[in-house]
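Please examine the following protein with attention to its charged side-chain contacts and to one of its pockets.

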Amino acid sequence: MASITPSTPKTVAKEIVTEFGTFIRIFSDGSIERPLQSPFVPPILNDPKTGHSSKDIIIPHNPTVSSRIYLPKITNPSSKFPILVYFHGGAFLFESAFSQLYHQHLKTLASQADIIILSVEYRLAPEHPVPACYHDCWAALKWVSSHSNNTLNNPEPWLVEHGDFARVFIGGDSAGGNITHNIAIQAGAESLPCDPENNLFHQVWHLCYPNSPHGIDNPLVNPLGEGAPSLEKLGCSRILICVAERDKLRDRGVWYWENVKKSGWNGRLELFEEKDENHVYHLFKPESESANTFIQLLVTFVRE
């Protein structure tokens with residue numbers, strides 16, 4: 001009598017093929033881990049501590065863009081508030097508009113500054129290489145602006161009823177600061193020093209935008225790179241640039257400030273530097289004195 005024993009399929013080992021510190025790990029089976037990603041938290045209506053409300057919305061676009069919107073406490077039904085369209089950081093690779101880090105930061109800012117905030121959940125690299133993030137953020141800003149002339153079929157009530165479209169701001173931290181620059185340039189129209197190729201920043205940019213023309217000198221990441229539009233064309237009237245003394249990106253922020261200042265841009269430009277702090281300290285130490293100083297700085301800026 002003959003017998004047949006089924007063979008056991010070989011298990012293919014899951015190996016890391018690309019890794020950048022604890023930012024991101026890409027495995028041989030195509031799966032991706034983001035170890036630094038902070039946990040997601042839900043929005044809340046009528047927060048008992050601050051009185052603000054938040055909710056998650058979908059911006060109609062192709063593809064659609066998710067966002068979290070924050071509304072400060074309403075004491076007068078006719079109240080109108082400034083609007084901030086916010087782009088989170090995370091090296092274009094991780095973090096989220098729905099994460100605990102950004103939810104905590106933005107609900108504090110919304111309630112203290114009395115400002116409506118739309119935090120954009122733009123698409124992340126490497127699944128969606130640059131420039132997908134810029135497209136999503138530009139679509140979000142255009143959608144917000146469209147509420148000013150009542151041209152939308154399904155407008156967002158919080159924006160219609162309480163948005164002051166004479167005071168619209170854009171802003172972000174880290175990678176979100178870069179997005180802010182590019183969106184401001186795009187708003188005005190419709191270089192950063194090169195790093196060695198083995199530098200972490202260069203490697204992250206290559207992962208986010210694998211076929212980037214001019215590499216790290218592409219105008220999207222180097223505002224003075226070949227073909228970059230003049231900084232004089234920034235489509236806003238005031239800019240606040242914030243850096244931290246111990247941040248490895250500190251010198252780039254100061255360099256950007258210097259070049260905007262001498263570009264001929266006709267607006268008010270401010271530079272703020274926090275001593276003895278590192279990258280996005282206001283997110284990791286939200287209860288610190290320096291984080292509170294930062295929040296108050298933003299409050300003053302948006303209330304002017």
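Is R250 buried, partly exposed or exposed? At 24% relative accessibility, R250 counts as partly exposed; buried means under 20% relative accessible area, exposed over 50%, and partly exposed in between, with a 1.4 Å probe and protein chains only. The structure is a predicted model, in which local features need pLDDT of at least 70 and side-chain atom pairs count only at pLDDT 80 or more, whereas totals for chains, interfaces and linings use all residues. Residues are numbered from 1 along each chain as its sequence is written, and side-chain values use heavy atoms, with hydrogens and water left out.

R250 forms a salt bridge with E273, their closest N and O atoms being 3.1 Å apart; a salt bridge is a side-chain nitrogen of Lys or Arg within 4 Å of a carboxyl oxygen of Asp or Glu. Because R250 belongs to helix α6 (residues 250-261) and E273 to strand β10 (residues 268-274), the pair ties together parts that are 23 residues apart in sequence. Helices (H or I, at least four residues) and strands (E, at least two) are DSSP runs, numbered from the N terminus. E273 is partly exposed as well, with a relative accessible area of 22%.

By this rule the model has 16 salt bridges. Among them is the pair D56 and R68, with an N to O distance of 2.6 Å. D56 lies in strand β4 (residues 53-59) and R68 in strand β5 (residues 65-71), so this contact ties together parts that are 12 residues apart in sequence. R68 is buried, at a relative accessible area of 1%, whereas D56 is partly exposed at 38%. R25 and E19 also meet in a salt bridge, at 2.8 Å from N to O, and E19 is partly exposed at 41% relative accessibility. Elsewhere, R238, R268, E270 and E304 are linked in a network of salt bridges.

Attention now turns to the second largest pocket, which holds about 440 Å³ of space. A pocket here is an open set of points on a 1 Å grid over the protein atoms alone, where a 1.4 Å probe fits, with protein on both sides within 12 Å along at least five of seven lines; lining residues have an atom within 4 Å of a point. Of the 22 lining residues, Q104, H105, T108, P286 and E287 are the closest to the centre of this pocket. Two or more lining residues come from each of α1 (100-113), α7 (281-284) and α8 (289-303), and α1 gives the largest share, 9 residues.

Notes
Points joined across faces, edges and corners; volume = space filled by probe spheres on them.
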